[in-house]
Amino acid sequence: MRPAAHAHPAPPPFGADDAVIRVEGLEKTYASGFTALRNVDLAIRRGEIFALLGENGAGKSTLIGAICGLVRPSAGRILVDGHDAVADYRVARTKIGLVPQELHVDSFERVMDTVAFSRGLFGKPRDAAFVEGVLRDLSLWDKRDAKIIALSGGMKRRLLIAKALAHEPDILFLDEPTAGVDVELRRDMWRMVHRLRERGVTIILTTHYIEEAEEMADRVGVIHKGEILLVEEKTALMRKLGRRELVLHLREPIAAIPEAVARPALSLDGEGRTLTYVFDSQSEDTGIADLLRRLAEAGIEVRDLATSESSLEEIFVSLVKGRPS
Amino acid sequence: MNLNGIRAIYMFEMNRFRRTIMQSVAAPVLSTSLYFIVFGSAIGSRIDTVEGIAYGAFIVPGLIMLTVITESLTNASFGIYLPKFQGTIYELLSAPVSAVETVIGYVGAAATKSVLIGCLILATARIFVDYTILHPLWTAAFLVLTCTAFSLFGFIIGIWADSFQRLQLIPLMVVTPLAFLGGTFYSITMLPEPWDTVALFNPVLYLVSGFRWSFYGVADVAPAVSLAMTFVFMLVCLAVVAWIFRTGWRLKS
């Protein structure tokens with residue numbers, strides 16, 4: 001059965017001018033019959049960092065491919081800054097830079113040449129100073145005369161970003177930018193993305209590292225089996241779906257939770273030494289004060305306590321889990 | 001028109017040729033020179049004239065055609081196959097370049113290189129055999145047309161191919177035989193019935209015949225027919241390329 005057209009929550013309202021990308025009713029069914037995208041509606045705000053979350057095969061790359069021109073949509077339309085991505089592809093594509101997921105490079109080209117090539121391909125006149133700036137930004141200037149084949153994986157990744165930025169795009173797509181990238185380089189990448197945003201570049205990244213979305217994104221979209229499940233401010237999402245946990249470490253183990261203290265959200269574990277209390281951080285009364293008072297009345301001494309909130313990853317798993325296939 | 005885009009593709013391809021100058025220029029010139037030595041000087045000196053032309057001189061236009069046809073196919077097919085193979089085609093597909101601009105860039109570069117090789121062989125041939133060119137403008141026209149038409153054909157092969165084996169298949173299995181049987185080394189009037197008629201179905205015959213006519217004024221078929229056939233071949237290739245870009249065949253999913 002077909003899902004209802006607007007089963008997912010509508011994106012928060014904002015003016016047409018604020019949407020730098022607008023996707024309406026986008027569908028993609030491949031020749032094999034596999035449907036990768038189902039009635040996708042999505043609006044990306046100008047200047048934001050948007051993280052598209054989804055498991056492998058959820059439709060992330062197909063969605064990016066459709067916006068950038070690599071995939072032919074089966075239905076629907078895509079507007080890039082008001083320009084139709086198919087009918088008015090020249091203007092639309094000039095505004096977009098794409099960093100692919102795989103390290104697709106011309107092994108025998110020189111670093112500087114390949115960046116200059118990208119700039120020309122996207123219709124911009126030669127500008128050695130600009131290319132130099134991009135290479136310096138990405139710490140590749142020292143390697144400008146090197147053959148690409150001689151670069152490390154991390155350098156190749158940065159080179160692909162340099163190529164995508166060579167034509168001064170307003171919108172940058174990063175498809176799994178830190179897949180298989182070591183921790184330090186990942187941090188570098190995050191810093192670079194923030195720098196770009198400060199310059200006004202809209203950034204859309206796909207990832208299945210939740211940590212990455214949590215670290216970087218202003219808004220998060222979750223895609224699952226070709227459908228957008230939700231689009232939400234990251235902080236709002238975490239507030240809305242985030243559960244907090246209070247963990248109490250007891251001085252002396254107890255056999256059972258006393259009647260006066262017991263409540264549904266409270267559980268005993270750790271051989272009677274820890275109490276875990278789940279509460280809603282947004283509610284007026286979290287129930288913590290009452291819990292602590294009753295524990296004291298019952299003569300249960302607390303040695304230590306800690307609270308934690310659920311990560312985006314837990315939110316994501318709870319969203320995706322239990323969805324019909 | 002994205003002129004910067006065309007230039008970027010064209011220069012990218014020309015740089016690739018420059019990097020591989022030994023394989024791509026020196027090799028074909030050397031191997032064609034061997035033909036001149038063996039067939040032109042060594043064996044040719046014992047063969048009578050063909051249609052009043054010394055055998056060594058007679059084979060010059062055909063050999064140039066044979067080489068530029070092969071080179072055009074190889075260069076153009078490799079030029080577009082390589083980005084597909086490496087995955088770098090994503091950039092071309094996401095760039096604001098039209099089908100026409102893409103073709104001008106890739107096919108233009110491949111044809112340029114073939115014309116250069118053709119001229120180099122023509123110059124080299126002078127060392128071994130004596131030839132004359134009666135209609136130099138027509139020589140240039142046939143050379144440029146043939147290089148362009150077969151570069152287009154090569155471009156199609158490069159998009160069609162999904163492995164290096166397939167990339168070699170058509171040049172080796174189809175074009176080389178056609179080129180050899182297209183009157184490179186002989187006039188089809190020397191063929192017995194019915195082979196002289198069968199030969200008329202070989203498109204390469206028209207190219208070789210027209211090109212040879214521009215040298216010596218003798219031809220197997222009328223020069224106008226040669227010119228028309230070359231154009232027809234080019235138009236068919238253009239139509240296929242137009243269809244490829246309209247449907248995204250083997251380029252986009």
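This is a predicted model: local features need pLDDT of at least 70, side-chain atom pairs count only at pLDDT 80 or more; totals for chains, interfaces and linings use all residues.
Residues are numbered from 1 along each chain as its sequence is written, chains are lettered from A and ligands numbered from 1 in the order in which they are written, and side-chain values use heavy atoms, with hydrogens and water left out.

Staying with chain A, its C-alpha trace spans about 80 × 50 × 40 Å along the principal axes. Its secondary structure comes to 10 helices and 14 strands, taken as DSSP runs numbered from the N terminus (helices are H or I with at least four residues, strands are E with at least two). Of the 325 residues of chain A, 47% are buried; here buried means under 20% relative accessible area, exposed over 50%, and partly exposed in between, using a 1.4 Å probe and protein chains only. Chain A exposes about 15,500 Å², and carbon and sulfur atoms supply 50% of that; the areas come from the Shrake-Rupley method with a 1.4 Å probe, and for residues only the protein chains shown count as cover.

Now for a sheet. Four strands of chain A form an open antiparallel sheet in the order 2-1-4-5, where two strands pair if DSSP finds at least two bridges between them. Its edges are strand 2 (35-45) and strand 5 (83-84) of chain A, each pairing on one side only. At one end, strand 1 (residues 19-29) of chain A pairs with strand 2 of chain A over 7 antiparallel bridges, and one of the residue pairs is A:Arg22 with A:Ala43. These two strands make a hairpin with 5 residues between them, and A:Gly33 in the turn has a positive phi of about 100 degrees. At the other end, 2 bridges join strand 4 (residues 75-80) of chain A to strand 5 of chain A, and A:Val80 has A:His83 as its bridge partner.

Most residues other than glycine have a negative phi, and most peptide bonds are trans.

Chain B has cases of both kinds. B:Glu51, in the loop between helix 2 (21-43) and helix 3 of chain B, has a positive phi of about 50 degrees without being a glycine. The peptide bond from B:Glu193 to B:Pro194 is cis, with omega near 5 degrees, and B:Pro194 is found in the loop between helix 7 (164-184) and helix 8 (195-198) of chain B.

Which residues of chain A does B:Ala8 touch? Leaving out residues up to four places away in sequence, B:Ala8 touches A:Phe117, A:Gly120 and A:Leu121. B:Ala8 lies in helix 1 (residues 3-19) of chain B and counts as buried at 11% relative accessibility.

Finally, B:Thr67 sits in helix 3 (residues 55-86) of chain B and is buried, at 10% relative accessible area. Beyond neighbours within four places in sequence, B:Thr67 is in contact with B:Pro28, B:Thr32, B:Ile117 and B:Ile121.

Notes: Contact means heavy atoms within 4.5 Å.
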